[in-house]
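This report describes selected features of the structure shown below.

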Amino acid sequence: MSNLALFPVVIPLIFAAILMLFPKKLHMQRAVAIGGVAATLASALVLFSKVSNDGVQAVTLGSWPAPFGISMVSDMFSVLLVLSSTIVTLFVLFYSIPTIGVKREQSFYYPAVLFLMTGVNGAFTTGDIFNLFVFIEVLLMASYALIVHGGEKPQLRESIKYLLVNIISSALFVSAVAYLYSVTGTLNMADLAVKIPQIEAVGILTVIAVLFLVVFGFKAAIFPLYFWLPGSYFAPPMAILALFGALLTKVGVYAIMRTYTLFFTMNTGFTHELLAIIAILTILAGCVGALAYFDVKKIIIYNIIIAVGVILFGISQMNAAGVEGSIFYLVHDMLIKAALFLLVGILTVIFGTSDLRKMGGLIKSYPLFGWTFLVAAFGLAGIPPLSGFPGKLLIVQGGFEGTHFWGSLVILATSLLVLLSVVRIFIYAFWGEPVKIVTIDRKHYLSMFVPTAILVALTVFLGAGAELFMPFVSDAGEVLLNPSLYIDAVLKE
Amino acid sequence: MEIVMSVAIGLLFMAAVYLMLSKSLIRIIIGTGLLSHGAHLLLLTMGGLGGTAPPVVADGVTVSDYADPLPQALILTAIVISFAVTSFFLVLAYRAYQELGTDNMELLRGTEDYE
């Protein structure tokens with residue numbers, strides 16, 4: 001037993017607490033926040049190498065034997081997500097320094113980001129369903145603080161709705177946990193995976209599984225529960241939006257993937273069929289939104305919803321190709337969404353508006369920025385050899401190997417719509433007649449562009465070097481497809 | 001006893017849904033409070049209400065006498081969380097009322113900003 005799995009959760013927590021002691025000291029805030037995320041990244045890398053060498057790492061808090069103590073489990077899937085969420089947070093922090101504004105920086109912006117990271121990493125690592133609820137509340141509390149941070153009018157208006165939706169889904173979460181406990185008598189995920197197949201009352205378990213799908217669906221923004229997302233995500237500044245878009249919905253997606261592969265497998269004919277249908281509807285609904293708006297923020301926000309659908313379709317197939325594709329696509333999507341939000345953030349700074357129709361002709365003054373944007377856009381749509389391609393390929397293959405070839409066809413067709421939606425930004429903003437732009441000085445521009453460009457370069461590397469990453473992805477997929485690996489690691493401690 | 005609790009939980013959920021469908025922000029907040037109370041009672045009831053002895057190993061106490069301690073630990077955690085969220089919501093509602101000048105959700109749709 002090693003405590004390594006706890007470090008990516010505890011380090012940001014400690015740094016966040018330290019940061020709250022001196023909110024007004026600007027340089028200290030920046031340095032300590034970046035130091036904290038860098039330390040988390042280092043611990044995540046150590047954990048990653050440990051997991052890839054020695055297999056699943058499990059810690060049970062207080063050294064109680066496993067089903068009684070709270071387990072924290074780090075398998076390859078969770079450590080990949082911890083790693084990518086930490087990388088995203090690091091780059092978003094670099095981007096925040098020039099863009100978020102001194103006033104926000106001095107009112108607990110950095111502690112809130114680090115608390116958010118605590119919650120996200122904790123939710124990815126925990127092996128107990130009630131503990132998952134607690135970590136989701138931790139990250140939600142931080143996200144409430146971030147979404148209203150600065151207190152502008154649209155932020156206040158939208159955060160009320162965001163809060164309300166999340167309170168309702170939390171109450172449903174508690175209810176679902178209560179039902180699950182009364183049926184199984186345990187809340188440890190590994191123990192649930194042992195007990196659920198022994199229970200004959202498949203009907204009630206199916207109801208509970210669907211209730212959990214609703215709960216996590218609120219967080220993950222699946223059809224038809226995504227209604228809150230476009231409005232709420234529109235309000236906060238771009239750096240916060242990038243964090244939310246890259247991390248928050250992914251926690252919901254992760255929770256669905258974990259529960260639907262580990263223990264809600266008693267009635268796949270119903271639950272996974274439902275998941276596949278919902279996933280396809282989510283993709284279609286997202287496409288409608290992504291094509292309907294002329295606002296760059298809205299277009300990328302609707303692309304979050306499309307990606308959620310693609311990932312969940314892969315997992316609903318429950319075969320090696322589909323699950324591995326989902327894992328790869330999830331990691332890709334965290335990086336590319338953050339990169340795209342930061343890119344359109346720079347666009348809105350340069351043009352002083354987020355309306356596409358008021359943009360144009362930027363390719364002459366900012367050629368490198370234009371081409372970086374095009375690469376990120378192609379990466380999102382999944383044009384080989386960029387990072388969207390391997391994941392999508394495997395998901396589509398999973399659909400053809402499974403029973404849902406029609407779903408794969410929809411994903412292939414909607415890839416074109418995704419491409420259209422982002423290339424439309426490129427055409428409007430970079431081609432055409434140059435319009436009047438806000439003059440920003442070179443240094444300020446570079447401090448925004450460099451972290452963004454590095455993030456885009458990382459996604460290119462992830463795509464072009466997919467062969468390098470595939471062994472890890474198949475490791476992660478193996479644990480998801482063989483729950484016994486997970487169960488043994490937790491219960492045989 | 002479980003039946004009585006179930007009816008109480010149902011009533012709480014019903015009242016919560018009714019309040020949350022109203023236009024006034026403060027009624028909505030009270031509704032969320034009732035909703036989490038309902039969820040907490042559900043958690044307690046689902047653990048089973050039997051058991052008279054505290055869950056401590058002692059002479060003459062058998063397993064069937066124990067009260068299940070886990071739902072109580074869970075409910076305590078959930079209560080603390082919903083307390084924090086509700087207080088945050090109240091402060092947010094007050095700030096929003098100050099800034100936006102209304103607590104009517106009809107007027108807080110915000111559709112005018114984006115076409």
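## Backbone geometry in the loops

A:Pro385 is placed in the loop of chain A between helix H15 (367–381) and helix H16 (388–401). The model is a predicted one, and in it the peptide bond from A:Pro384 to A:Pro385 is cis, with omega near 5°. Another cis peptide bond joins A:Phe223 and A:Pro224, where omega is about -5°. A:Pro224 belongs to the loop between helix H9 (202–220) and H10 of chain A. As background, most peptide bonds are trans, and most residues other than glycine have a negative phi.

The loop between H9 and H10 of chain A also holds A:Ala221. This residue, which is not glycine, has a positive phi near 65°. A:Ala221 has 26 C-beta neighbours inside 10 Å and therefore counts as buried. A positive phi, near 55°, is likewise found at A:Met318, in the loop between H13 and helix H14 (320–351) of chain A. Because A:Met318 has 19 C-beta neighbours inside 10 Å, it counts as partly exposed; the cut-off for a buried residue is 20 or more.

## Packing of H11 and H13 in chain A

Two packed helices are described by the angle between their axes and the distance between the axes. In chain A, helix H11 (residues 238–262) packs with helix H13 (residues 296–316) at an angle of about 15°, and their axes are 11 Å apart. H11(A) is therefore roughly parallel to H13(A), since angles under 35 degrees fall in that class. The crossing of H11(A) and H13(A) is right-handed.

On the H11(A) side, the residues that meet H13(A) are A:Gly245, A:Thr249, A:Val253, A:Ile256, A:Met257, A:Tyr260 and A:Thr261. Their counterparts in H13(A) are A:Ile301, A:Ile304, A:Val308, A:Ile311, A:Leu312 and A:Ile315. By class, this contact of H11(A) with H13(A) has ten nonpolar, three polar and no charged residues.

## Overall form of chain A

Chain A contains 20 helices and two strands. Its C-alpha trace spans about 70 × 55 × 45 Å along the principal axes.

Of the 493 residues of chain A, 60% count as buried. Among contacts in chain A with a separation of 6 or more, 81% are between residues 24 or more positions apart.

## Overall form of chain B

Chain B has three helices and zero strands, and its elements run α-α-α from the N terminus on. For its 115 residues the globule rule gives 13 Å, but the radius of gyration is 20 Å, well over that value, so chain B is more spread out than a compact globule. Its C-alpha atoms fill a box of roughly 70 × 25 × 25 Å along the principal axes.

Buried residues make up 25% of chain B. Of the contacts in chain B with a separation of 6 or more, 54% are between residues 24 or more positions apart.

## Contact between the chains

In the contact between the two chains, 29 residues of chain A meet 29 residues of chain B. Helix H6 (129–147), helix H7 (153–184) and helix H10 (229–234) of chain A each supply at least two residues of the side that touches chain B. The largest share of that side, 18 residues, comes from H7(A). By class, the side of chain A that touches chain B has 18 nonpolar, five polar and six charged residues.

Technical notes:
Residues are numbered from 1 along each chain as its sequence is written. Chains are lettered from A and ligands numbered from 1 in the order in which they are written. This is a predicted model: local features need pLDDT of at least 70, side-chain atom pairs count only at pLDDT 80 or more; totals for chains, interfaces and linings use all residues. Axes are lines fitted to C-alpha atoms, for helices over the stretch in contact, and angles run from 0 to 180 degrees between N-to-C directions. Helices (H or I, at least four residues) and strands (E, at least two) are DSSP runs, numbered from the N terminus. Angles under 35 degrees count as roughly parallel, over 145 as roughly antiparallel, 65 to 115 as roughly perpendicular and the rest as oblique. A crossing is left-handed if the near helix is turned anticlockwise from the far one by less than a right angle, and right-handed if clockwise. Two residues are in contact if their C-beta atoms, placed from the backbone, lie within 7 Å. Ala, Val, Leu, Ile, Met, Phe, Trp, Tyr, Cys and Pro count as nonpolar, Asp, Glu, Lys and Arg as charged, and the others, Gly among them, as polar. The radius of gyration is taken over C-alpha atoms; the globule rule is 2.2 Å times the number of residues to the power 0.38. A residue is buried if 20 or more other C-beta atoms lie within 10 Å of its own, exposed if 12 or fewer, and partly exposed in between; C-beta atoms are placed from the backbone.
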